[in-house]
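Here is a short briefing on one protein structure. Keep the sequence and the 3D view open as you read.

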Amino acid sequence: MNITYDERTRTFKLDTPKTSYLFQILGEEGFVGHVYYGTRIEDTDLSYLLCVGPEPFAPSHTDRERASYMDKFLSEFPGHGLGDYRESSLVVRDEDGHEAVQLLYRGHRILKGKPALKNGFPATFAGEDEAQTLELILEDPVLKLSCHAFYTVFADTDAITFSRYFKNESDRKLIIKKADSLSIDMWQEDYELLTLHGSWARERSIDQRPIGYGKTSVGSYRGESSHQEHPFMALVSEKATQETGNVLGVNFIWSGNFLAQVEKTQFDLLRVQMGIHPDQFSYVLAPGEAFQAPEAVSVFSAEGLGHMTRSFHDLYRNHLIRSPYKNKKRPILINNWEATYFDFNTEKLLSIAREAKKLGIEMLVMDDGWFGKRNDDNSSLGDWFVNEEKLPGGLKYLVDEVNKIGLKFGIWMEPEMISPDSDLYRAHPDWAFQVPDRIPTRSRNQLVLDLSRQEVVDHVFEMVAKVLRSANIEYLKWDMNRQLTDLGSIGLSPERQGELYYRYVMGVYQLQGRLVQEFPNLLLENCSGGGARFDPGMLYFGPQIWTSDDTDAIERLGIQEGTALVYPLSSMGAHVSDCPNHTVGRTTPFRTRGHVALAGTFGYELDITKIPEEDRAMIPAQVEMYHKYNDLVRCGDYYRIASFRENHLYDCYEVVAKDKSEALVTYVQVMRRPNQHGRVLRIPGLDPERKYLVTFDDSEKKSLHLTGGALANAGIWMEEQWGDFKSILIHITAE
Ligand code: GLA
């Protein structure tokens, strides 16, 4: 990694291990032009790439046609209303109602390491020897708006992070209407657009399509990153594979509304942007006030999707997730949600705990329904005191009993919500988001607490902390089961109502920040109706997130493939559940369910006292398998070998130890194909010279002795198995 500034050409060059990012200061005014982002190069003078006319662009020299220059300039900081008709990355309204803005270079500093973002916002971090940061100081001299733009490069991954901090240095009010975190202009080559779309129970499906002229975007104004679209976008060479082709992936360390957009212009330029969604957003900056735009991340890979994936995984494992659990095996948990739903009591939970202990499970998690008078999802959110009818003797008694059995204890809460039928709502009806005179829009019969108000945040924190302080609770599943509507707060003036979505996320971050500070050893698993808030912002607070409410092993192949495209396996909550599956009604072998859950945090979500004896009998071996492989799964390099989504027959992925001494391959034959004998699987990522022992967890299949070269090029032969949904684990160890 290296950041340099070439005084002669006024060019900044940011190098990651395999990529370079260049931009240049132009003219006396100080426009910032984007020069290059791609495979690492040594040159710094590439200003000819900015040559959109007879000579490199500098508006003050060619004032006669300034507008036409502005509209094709590769701009690092696209302004608004001054000739660049493409999407702006910043829109600011002044007191006179004008919205013209253009940031210009004023100075810079190159720093060791990486400074934290303001407001305790989630962001990547790095020690002084692990990263370098460029702080670029910019200004709109007319508005007197300053911007500090931060770029960080890391020694151990090909990622670059971007963040922007704005300050009103004038004596007049400014209103930010849009402020992107990242904007990259580039020439269209043969890129297609890859995004992750979804719905409840089918989050993060991979979708790839050509990029047409005009703007193509994904986004959310649901108040969270959402099931539906994901704050990730990749430009992918048309013929890119896992190992070849150019890929530019961008991701957003933010858990609220976002807009990810690519625009293809009349000149075949692309503008790629990531930021807070400008719809339903505005932020007032009184004189002297500041605004922090969240951090965005980009990864360029000239080695296909696989290298992009591994770069994101390394960045998030090494520089984002802070939990003390990040480098540890998580306890194997059993969650009672799909086992009992709301119908449980102390005795039922203890019977699950006793049976779980016998089989090697390490923690019981009590899900929804333990508080207030909650016997279904119609009431009690906000009343975080134990329901003694279900749990006589209270939480402490239950937790102590579970601990005596030899299991840790975890709990479910949904702190951001309030049921209209709750004591909290009866006491504080104004604490829910609401637009005066409108009937509040319920979802799952609940409303959302107005976390833009400090007194509400303080109350919520105390409610959660009181529960956690009351017993030996070692894990918290923090859920959020509806999206935001009715954005109105009595805590904000009319002109500041546009800040609500942003301030809500700040409230969530403040809560989780305080939580991990007071309970540093708590294992926090975030969740939102399954995986609607599976984003890097939440990973900053908790090391794992519930990936989806869909626990069917076959559906999970696609959900986990899309999720693992960006996020490390160590962050994906994955459980073995009962069959027929509660979401899709499919019956899959218990063995396959275990293999698929092994790609995540691993646990169970079923009534262990009632499942078939042959399934129960398999649990000790699955527990052993988890202990044997989890270090590798958590810390290794992930390779996608084949995708059921593409071939409609089978799925296959691999994790290789960083030192290439070991690998684990999961193969799932989803559909038996008639009159097919089998297929070759090529296993990448190992040392081509080294000899490996290849074993299969299917006793019928003989072990092999092969070099890494043979595994990657010749591959191994997998016979077609009888029936559907069959899986095999392949363990490869250096000899
Ligand atoms: C959400 C979660 C589930 C479960 C329920 C409880 O849907 O994703 O895992 O906790 O809430 O109501």
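F433 is buried, with a relative accessible area of 3%. Buried means under 20% relative accessible area, exposed means over 50%, and partly exposed lies in between (1.4 Å probe, protein chains only). This is a predicted model: local features need pLDDT of at least 70, side-chain atom pairs count only at pLDDT 80 or more, and totals for chains, interfaces and linings use all residues. Residues are numbered from 1 along each chain as its sequence is written, and side-chain values use heavy atoms, with hydrogens and water left out.

**F433 and its surroundings**
- F433 sits in the loop between α6 (423–427) and β24 (447–448). Helices (H or I, at least four residues) and strands (E, at least two) are DSSP runs, numbered from the N terminus.
- F433 and T485 are 52 residues apart in sequence, and 7.7 Å apart in space, C-alpha to C-alpha.
- Contact means heavy atoms within 4.5 Å. Leaving aside neighbours within four places in sequence, F433 is in contact with V448, L449, D450, L451, L484, T485, D486, L487, G488, L500 and Y504.

**The loop between β21 and α5**
- D368 is found in the loop between β21 and α5. N387 lies in the loop between β21 (363–366) and α5 (394–405).
- D368 is buried, with a relative accessible area of 1%. N387 is buried too, at 8%.
- Residues up to four places away in sequence are not counted here: D368 touches W337, Y341, F342, F344, R374, W412 and R444.
- The side chain of D368 makes a polar contact with the side chain of R374, at 2.7 Å. A polar contact is a pair of N or O atoms within 3.5 Å; within protein, one must be able to donate a hydrogen and the other to accept it, and residues adjacent in sequence count only if both atoms are side-chain atoms.
- Beyond its neighbours within four places in sequence, N387 is in contact with W370, F371, G372, K373, R374 and N375.

**Helices α7 and α8**
- The axes of α7 (residues 454–469) and α8 (residues 500–518) come within 10 Å and cross at roughly 35°. Axes are lines fitted to C-alpha atoms, for helices over the stretch in contact, and angles run from 0 to 180 degrees between N-to-C directions.
- On the α7 side, the contact is made by Q454, V457, D458, V460, F461, V464, A465, L468 and R469. On the α8 side, G507, Q510, L511, R514, L515 and E518 take part.
- These residues divide into eight nonpolar, three polar and four charged. Ala, Val, Leu, Ile, Met, Phe, Trp, Tyr, Cys and Pro count as nonpolar, Asp, Glu, Lys and Arg as charged, and the others, Gly among them, as polar.

- α10 (residues 553–564) has 12 residues and reaches 15 Å from its first C-alpha to its last, close to the expected 16 Å. The expected span is 1.5 Å times one less than the number of residues.
- α10 is mostly covered, with 10 of its 12 residues buried.
- T563 lies in α10. T563 counts as buried because its relative accessibility is 0%.
- The side chain of T563 makes a polar contact with the side chain of R204 (2.9 Å). The T563 side chain also reaches the backbone oxygen of I559 at 2.7 Å.
- T563 and H582 are 19 residues apart in sequence and 21 Å apart in space, C-alpha to C-alpha.

**Helix α11**
- α11 (residues 590–597) is mostly covered: seven of its eight residues are buried.
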